[in-house]
Amino acid sequence: MCTHYIYEICAHCVHQVAVHSFVENLFRSIWGLPNSRAPLAIKYFFDFLDAQAERKKISDPDVLHIWKTNSLPLRFWVNILKNPDFVFSDLEKTPHLDGCLSVIAQAFMDSFSLVEQHLDKHSPTNKLLYGKDIPQYKQEVKSYYKLVKDQHSISSQELKIFLQGESKVQYVKHYLEIKQGTDAPDKLKEDMQNVKELFENMKRSGWS
């Protein structure tokens, strides 16, 4: 869903009004919780950060907010927002589009910031465009972090089973795509076959 909105934004990136609804949908698909539950990997990682704060006797909630923001939204999502060509190989990132994406990425970063914005007519344009929306986005982000924290914790074993399942699904998908590709190099097909055999050996040794 997130990548769909990113592509729509790139296709319509002329001015703020034209893409506003796409931007809101994108942001909320990132910090929204389908079925009121965060992905297992995110829940597990955020719980890990909570545990580290408790272990180090850090009680300031702002510190945890910053840890979580730096580890996922800013490290991962901002990179995708500014470089959608990492996801869409057919996308040409023109200088104009690059400028639009930078504005959107800035609005996303401001939504996670704990610093209050004081804007006036002399403020940078990229800050003014989404200035009136940022306070609402900030509240949604805080609610997101709280909802994730309040979820039932998951064990290391649950995470392991989830990741193994995802690995299998993605491996089978891409293995078949490469194997059936008429232009795939023989060396790549051979390497994929070796990986397939490795997976099978792991399965026989107890990976289920």
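Begin at the start of α4, where a side-chain oxygen of D60 reaches to within 2.9 Å of the backbone nitrogen of D62. The model is a predicted one, in which local features need pLDDT of at least 70 and side-chain atom pairs count only at pLDDT 80 or more, whereas totals for chains, interfaces and linings use all residues. Residues are numbered from 1 along each chain as its sequence is written, and side-chain values use heavy atoms, with hydrogens and water left out.

Next, select helix α4 itself, residues 61–71, and colour its buried residues, L64, H65, K68 and T69 (buried means under 20% relative accessible area, with a 1.4 Å probe and protein chains only). They cover an arc of only 130° around the axis, which puts them on the same side of α4; the arc is taken from the directions from the helix axis to the C-beta atoms. Now show what covers these residues, which includes α3 (40–55), α5 (73–82), α6 (95–112) and α8 (134–150).

From there, select F46, which touches K68, S71, L72, Y144, Y145 and V148, leaving aside residues up to four places away in sequence (contact means heavy atoms within 4.5 Å). F46 is also among the residues that touch the most other members of the largest nonpolar core, which has 31 residues, together with F27, W31, F108, Y130 and Y144. Such a core is a set of buried Ala, Val, Leu, Ile, Met, Phe, Trp, Tyr and Cys residues joined through side-chain atoms within 4.5 Å.

Finally, zoom out to the whole protein, where buried residues make up 36% of the 208 residues.

Note on methods: Buried means under 20% relative accessible area, exposed over 50%, partly exposed in between (1.4 Å probe, protein chains only). Helices (H or I, at least four residues) and strands (E, at least two) are DSSP runs, numbered from the N terminus. A polar contact is a pair of N or O atoms within 3.5 Å; within protein, one must be able to donate a hydrogen and the other to accept it, and residues adjacent in sequence count only if both atoms are side-chain atoms.
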